[in-house]
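Subject: Handing over the two-chain model

Hi,

Here is the structure I promised to pass on. Have a look at it first, and then read my notes below.

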Amino acid sequence: MSKEHNNTAVLKKDKSSNEVLLEVKNLKTYYPVKGGILRRTVAVVKAVDDITFEIKKGETLGLVGESGCGKSTAGRTILRLLEPTEGQIIFDGQDITNVRGTSLRKIRQDFQMVFQDPYASLNPTMMVGHLVSEPIRNYNSKSEKELKPEVMDLLAKVGLPEDAYYKYPHEFSGGQRQRIGIARALALRPKLIIADEPVSALDVSVQSQVLNLLKELQDEFDLTFLFIAHDLSVVKHMSDRIGVMYLGGLVEVAEKDSLYAEPLHPYTQALISAIPEPDPRKKKERIILEGDVPSPIDPPKGCTFHPRCAHAMPECQSVKPQLKEVKPGHRVACHLYK
Amino acid sequence: MSAKPRKHKYAPLLEVKNLETAFSIDGTYYNAVDNVSFRVNPRQIVGIVGESGCGKSVMSLSVMKLLPKGIGKIRSGEILFDGVHLENMTDSEINKIRGKDIAMIFQEPMTSLNPVFSIGFQLQEVLFNHMKISKKEARLKSIALLKSVGISRPEKIVDEYPHQLSGGMRQRVMIAIAIACQPKLLIADEPTTALDVTVQAQILELLKEIQEVNDMSVILITHDLGVVAEMCDEVIVMYAGKIAERTDVDSLFHNPKHPYTQLLMGAIPKMDEEVEKLSTIKGIVPSLKNMPKTGCKFAARCPKAMPECLTVTPQLAENENGHEVACLLYETSQPKQEVNA
């Protein structure tokens, strides 16, 4: 395994080793809505509704969308923290959609998660050294003492002082806690890290520290990232390719430059134009969307975006557009593009 | 070399002079807002930016006199609103101004509405408090207000409850309540932070429109420099309870003077620029208890810090053309020579 790592490290600079690490095919995750005295399922929330994408080794795929679009659910389903309703997840050549028990546990070493809230994701009663070694101890019987050099090394890698080992989470600031979370995720030397809004709880100056750290670690450990966030400028900074989600579906996937230079889907266009530009001299044409995101319990028929879309045509109300490649590497799900 | 006092075309609507607001931690008071002076002119949108803990919210709470009783207090300084001193007003006096002439909207549209009262009731509450108005008129007026903040079917929404609305709609309701009495000053504390970008764009647009129609002044508190660039005329950058820099929006973004502002600008990823590394600021904002007693409060994190930064407190002074900065790199910020020094 380590040999493989070294190989990709050499290939790193052009970043596109063509090997696919993660493939998601027609993934659906539905949550049941229970109602009545018998707690029967009265409806389903289609949190993730038929998404397909792949991530190559060493690549960062960004997943953006507004709250409730299913981006976190997608991340969690890939890690098998949630059961997929339908579809396939292929990780490193192995179909992990239905893997269970010990084999699932074994595979989980290879993918880790960094969570949004550094305050809630660390056990407050555990020492940092203990927290960081926990994932390793889960998989082998080494004692904490034996692991100490390794943990110290990890702490140094994420930029925490040595004495952090003996401290507790409450003694750290948000940014430092996020570093602890990152050290934990790195402990097992995973291949894939799913970062779910890792910086949205942090101040800008700290946010940039954590973003820089994630990029450095990616180079050093040859990590592949699925980077989930709602902030487009952050996602653009971090990712090689970006997928835009709306109401459970993937509406556009493209190289980041292509996506920002020429967004094709009307939703992506609105999303990009909505970002406030930190430069008062640039006045941009703004597309203001009407209304709110509809409920995923009863999503609109056809294209889920059509009630808010300025370009909606009659067929948008009935036919659901499929994700199609309209330019090399640029896929979009919209009837405007044939 | 002392800077000339700035010329003011109008009498300011709000003038804060040497405000010090302190919070009690274990019985000792620590200044969260430390000797802050600024003014807001009529029809002006003033942005206050800074990271969490820089005192931006405490400052707005001081102006509104909404500091938690027994914990926070205004130690010294003056707050003049339309020529009237607010700092020593009693509760009943300030109640006549609060909600009428000065209104506020908060970050969390989820928690700032009362879940057990209908939208209409909460709107009418403000109207009844400040106007002589019949029930019927109040209802009609609240429907008109909801309409003016862009809520479709206001006749229905007026009888609905907060949980039935989305985050963006609730923030619209909050704005409707805030502008109900046509305030002269609106303080918006992170009004769009909890919202998605597309909804944020709607709300910002609405705020701008209302500001123009009602001839209001707005203090916009935010950590998002993009929002500031889009909305504000003038910007105040705060750090650790003090004003680091104050200027018009254009020169702040194109000629930032304080090292803190410069770093802050470099720390945000930009859409049209590709950088491998973002600039960072080492360390974190010191907590109230660990605030440096002397010198510049940013010195410990500042890449341009000089030895005297640790001992000499920089003064906020005009450096050029209405651009005020508090940093010893600029001669204008050197403390004025005492006669006996």
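What follows is a short tour of what turned up.

First, the ground rules. This is a predicted model, so local features need pLDDT of at least 70 and side-chain atom pairs count only at pLDDT 80 or more, while totals for chains, interfaces and linings use all residues. Residues are numbered from 1 along each chain as its sequence is written, and chains are lettered from A and ligands numbered from 1 in the order in which they are written.

Confidence in chain A

pLDDT is the predictor's confidence in each residue, from 0 to 100. Chain A averages 89, and 95% of the residues score at least 70. Helices and strands here are DSSP runs numbered from the N terminus (H or I, at least four residues, for helices; E, at least two, for strands). Over residues 1-14 of chain A, pLDDT stays under 50. Where pLDDT is low, the predicted coordinates should not be read in detail.

Inside chain A

Among the buried ones are A:Lys71, A:Thr73 and A:Ile78. After helix 2 of chain A comes A:Arg80, with a positive phi near 65°.

Helix 4 (residues 128-139) and helix 6 (residues 174-186) of chain A have axes that come within 7 Å and cross at roughly 30°. Axes are lines fitted to C-alpha atoms, for helices over the stretch in contact, with angles from 0 to 180 degrees between N-to-C directions. Helix 4 and helix 6 of chain A are therefore roughly parallel to each other (under 35 degrees; over 145 is roughly antiparallel, 65 to 115 roughly perpendicular and the rest oblique). Their contact (C-beta atoms, placed from the backbone, within 7 Å) includes A:Leu131 of helix 4 and A:Ile180 of helix 6.

Inside chain B

How do helix 3 (residues 119-130) and helix 4 (residues 135-148) of chain B pack? Their angle is about 115° and their axes are 9 Å apart, which makes helix 3 of chain B roughly perpendicular to helix 4 of chain B.

B:Lys297 sits in the loop between helix 10 (259-267) and strand 11 (317-320) of chain B. B:Lys297 is buried, with 25 other C-beta atoms within 10 Å. Residues that B:Lys297 touches, not counting those up to four places away in sequence, include B:Tyr239 and B:Met291.

Where the chains meet

The contact takes 34 residues from chain B and 32 residues from chain A. On the side of chain B, helix 7 gives the largest share, six residues. Across the two chains, helix 7 (residues 204-221) of chain A and helix 10 of chain B have axes that come within 9 Å and cross at roughly 50°, which makes helix 7 of chain A oblique to helix 10 of chain B. Residues in that contact include A:Ser205 of helix 7 of chain A and B:Leu263 of helix 10 of chain B.

Best wishes

Methods:
Contact = placed C-beta atoms within 7 Å. Buried ≥ 20, exposed ≤ 12 C-beta atoms within 10 Å, placed from the backbone.
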